[in-house]
Amino acid sequence: MKNISLSLLVFSLTFTSLSAEDLSQSSLEDLMGMESEAKAEVGSRSGSRDFLNSIVPIDVITQGQIKKSGQKKLTQILSYYIPGFNSPTPSIKDGSDHVPASTLRGLNPDQVLVLINGKRLHRSALLHVNDTIGRGTSGVNLNTIAVASIDHIEILRDGAAAQYGSDAIAGVINIILKNGDYANAVSSKIGANLDGGGESVQADIFYSIPLEYDGYVNITADVQTQNKTDRAGIDARDQYTAGVAGTTKTTPLGQPEATNTLLVLNSKAYYENDITVYMAALVNYQDSKNNAYFRTPKDANSSLYPNGFLPIIQTKMLDYSLTGGITQTLNDGSSWDLSQTLGSNDFHYYVNNSMNYSMGTSSPTSFDAGGLSNLQSVTNLDYKMQIAALKVAVGVEYKYENYKIVAGERASYAQDSNKTAGSQGFPGFQPENEVDTSRNNYSVYLDLNYNFTEKLLFDGAVRFEDYSDFGSTTNYKLAFSYQLHPTLMLRASGSTGFKAPTLSQSHFTASATTVDSTGAVTSTKTLSPSDPIAISLGAKPLKPELSEHFTTGLVYKARENLSMSSDYFYTKIKDRIMLSTDIAQGTGKVRYLTNAVNTQTQGVDVRVDYVYALESGANLSFNGAFSYAKTEVLSFNDTASGLATSVEEKNRIENAQPKDNLKLLFDYDFQPINVALNVNRYGAFKDVYNNRTYDFKAQWSSDLDISYAVSKKLTCAIGGTNIFNSYPSKWPDVGSGTTGSIVPYSSYSPIGYSGAYYYIRAIYEF
Amino acid sequence: MAHMELSMNIFFTLIILILPYMLSASSSESEIKVAILGKFAHFVKHKTPTKNDNFVITVFKDKNFVTLLQKKYAKKKINKKNVEVNAITEISNIQRPDILYIGDIPQEEQAKVITTAYKHSLFSVSSQSGFAQRGGILQLYFLSQKIRFKINLTAAKKSNLKISASLLSIATLVKGNQQ
């Protein structure tokens, strides 16, 4: 079937590419209504290019697409358009409920570099330590950026550490903020889930203040609130009496209750002598609550909560990023750019409706459980010049990072009797966990771009980095594109890359002490790799993850309105950092982060973009995208960590994320009406319980947005995500009181388990 | 694996189904700029018309744009005249084209070019930020991938250019320098 399809495809494209449209025959109105090819800057310092002519695979989510999606969170927009972008929404996973991990190509969250206007964005302070995607990693929290402030999003699907430094292994997401040409606008969106909960209200304003010579100051404010959803099953654990299983629901399972306030300022001012001063500031405050597992009356055994209690973990997160810079174009056409970026993420835990068992009835019920913070400062100087057909960019960069753990209040971790210590739901960080650590690194880089002929383009890059904690690394990239035919381009690239161990990976520690009904005390500790106990077990200082990449593909532009690309990629990563299994140590268990595993990931990305102008004047467009990525463990380095024999950890690398993802986007635009339909298919995945692997089926999901332009200024829309109320397949009966009972769905489910969400929205321009 | 094959089959079949219906749509920014440049001739008139035999478009310091213009306007006519595309790198070499397109150049040089264009009553066009506010007549830009333009009407009037009301109605009018 596929062979026949391919043959027909080649025939069709050959036939259809014979006639090219002549734009000079179009009217002025037609030309003004026509969308140009999206341009992207990511992947090369030689200036923006039409993304189809890019030497490496790039996706661009345009402003039009952002609007038409109806989505107001960046992770939702990326999930909507980018195949292979995975952002599950786990529940009852402590901090991971509030800052879900997002991945590309089935790799880790910290193997994606995120840029704002081309400048590195800092990571979240949160280290995922529960059994979620991205366990043992700290990624960027993408939902700290107000969507109304975004012009377009560029996604580089290739390794790019030789250009941007650490993290650019699975790809690079470059978010470009709006310039001053956009109209001021207010918008709002209200919605709820079909099966209850999830009521959400969102409102934003974008306001642009023009400055001289097309300069601008743009201000965006966005406020979002969402209620919790609950898709839990029955709590089958013994409730009041041993041996008598529960028959009711006790523990909600679903998206957290959250309030999010986002502010974005983006500014550019033009001065004499071709000097441009720019600034971007992002501020996000998130207050989010989700529950832990219900503490049964039997376990609580306290007059404080005779009927048991449901601990609520509340996280308050303050995140900001400030970038300022100055650039000048010199008379010879060369330019320099000096910038400073300061980013910080402060993540604080509180536990409510809880108690410290060891404090008995004198226990408080609310606790400050301490927090984490991560700070990053990047100073960059970049110089670009052109010598004939050779474009050269050189630069130096200095980066400073700081990571802190702050202990919670005493009651959140204290053990005042021979009962379990600390606040139930989330025991606080202890003074022994406190850390205030820093590192710095400098880098020097060179980018070359050379047009050998009109048809042959070459890119080369080399970047040297020296980190104060683990030493230096040099990375390279070579890429070329060749125009085989006016409609057909071949491209290929090879590169090396790395991901520095994050400070959270090197220094995160946590402790908890539990006492069972027999009085046996068990301590569980997450140790830093430099802890003497961890060293005695075989831990070593963390090294960078090292990667090798190869990508090759074809871009076929059959006509002005039809393009296709198909790229094969291969990524080999050495020394991937993972959190060990729980290792018995004395009367307790310990775990630590280690450069545990070597993997390879390979697959294909295929996309088709097509626009069809109907005679009625309407436009019908179709974007089809398919991604397949398969990760395999090549070998484990560390036998002491228990990872080599862990079914669960191997599964998390190889099978916990869908290998394939298909997106079919249809858009019908006949002003004043626009209809956008997105049909998604996420491939099957696997999850593990008690060392046994379970299969979870592939899932289809459809999103729809229908908008109507009431006037030139006012547009109203109705729509929904997952409109057919699709749910992931459930856990079978695994004999657990929680997994398969309270938690019917796997936390790996790529579209969550809250079901259909419907909304109305409106935007008014002024 | 069976799911993947099914997905691929659906994917390719859909592509084949839609292929026969292709008509119009997205081009590069440069191609759209080249096409729209020719349209302005219908809406912008010189009070003292040029005496060129051909419709002359002169491009100052933008080689790629020249190549594209020459390619797209070969054998085409604007205002019933053949199209002649010239490239110059010294503003002193300017004659009196019907349209002067100016590439991205340093501000100091841009100011000189705008002054010269003003003296010769030229219809100057550029895509450079701030061009219209600095005294250029028409500035092209892209918003949400759609081409738009800004017009400095005062500069146009002082350059003895008459711009039709229909063009002005879809342009963003800017105030700024008019030399």
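In strand E5 (99-102) of chain B, Ile102(B) is the bridge partner of Phe60(B). Helices (H or I, at least four residues) and strands (E, at least two) are DSSP runs, numbered from the N terminus. Everything here comes from a predicted model, where local features need pLDDT of at least 70 and side-chain atom pairs count only at pLDDT 80 or more, while totals for chains, interfaces and linings use all residues. Residues are numbered from 1 along each chain as its sequence is written, and chains are lettered from A and ligands numbered from 1 in the order in which they are written.

Stay with Phe60(B). Strands E2(B) and E4(B) run parallel and are joined by six bridges. E2(B) and E5(B) are parallel too, with four bridges between them. Two strands count as paired if DSSP finds at least two bridges between them. In general, strands of a sheet pair through backbone hydrogen bonds, either parallel or antiparallel.

How many residues of E2(B) are buried? Six of its six are, so the strand is mostly covered by definition: a residue is buried if 20 or more other C-beta atoms lie within 10 Å of its own, exposed if 12 or fewer, and partly exposed in between, with C-beta atoms placed from the backbone. Both faces of E2(B) share in this. On one side are Phe55(B), Ile57(B) and Val59(B). On the other are Val56(B), Thr58(B) and Phe60(B).

Now take in the sheet of chain B. It is open, has eight strands and shows mixed pairing. The order is E3-E4-E2-E5-E6-E7-E8-E10. Strand E3 (77-78) and strand E10 (172-173) of chain B are at the edges, each with a single partner strand, so one side of each has no neighbour in the sheet. Further along the order, strand E6 (residues 124-126) and strand E7 (residues 138-143) of chain B pair in the parallel sense over two bridges. There, Ser126(B) has Gln139(B) in E7(B) as its bridge partner. Helix H4 (residues 107-119) of chain B packs on the sheet and touches E2, E5 and E6 of chain B. The direction of H4(B) makes about 175 degrees with that of E5(B). Such axes are lines fitted to C-alpha atoms, for helices over the stretch in contact, and angles run from 0 to 180 degrees between N-to-C directions.

Next comes helix H3 (residues 63-73) of chain B. Which of its residues are buried? They are Phe65(B), Val66(B), Leu69(B) and Tyr73(B). Seen down the axis of H3(B), these buried residues fall within an arc of 100 degrees, so they line one face of the helix. The arc is that of the directions from the helix axis to the C-beta atoms. The face turned away from the buried side of H3(B) carries the exposed residues Lys63(B), Asn64(B) and Lys71(B). The cover over the buried residues includes helix H2 (29-40), strand E2 (55-60), strand E4 (81-88) and strand E5 (99-102) of chain B. Just after H3(B), Lys75(B) takes a positive phi of about 65 degrees.

How confident is the prediction? The average pLDDT of chain B is 84, and 84% of its residues score at least 70. pLDDT is the predictor's confidence in each residue, from 0 to 100. Among the elements of chain B, helix H1 (residues 2-18) has the lowest mean pLDDT (53), and E6(B) has the highest (96). Over residues 18-25 of chain B, pLDDT stays under 50. The model scores ipTM 0.84 and pTM 0.92.

Turn to chain A. It holds nine helices and 36 strands. Its radius of gyration is 26 Å, close to the 27 Å that the globule rule gives for 766 residues, so chain A is as compact as a globular protein of that length. The radius is taken over C-alpha atoms, and the rule is 2.2 Å times the number of residues to the power 0.38. Of the 766 residues, 53% count as buried.

Some loops of chain A deserve a look. A cis peptide bond joins Gln671(A) and Pro672(A), with omega about 15 degrees. Pro672(A) lies in the loop between strand E30 (660-670) and strand E31 (673-682) of chain A. Asn690(A) is not a glycine, yet has a positive phi of about 55 degrees. Asn690(A) counts as exposed because it has 10 C-beta neighbours inside 10 Å. Asn722(A), also not a glycine, has a positive phi of about 55 degrees. Asn722(A) counts as buried because it has 23 C-beta neighbours inside 10 Å.

Conventions: Contact = placed C-beta atoms within 7 Å.
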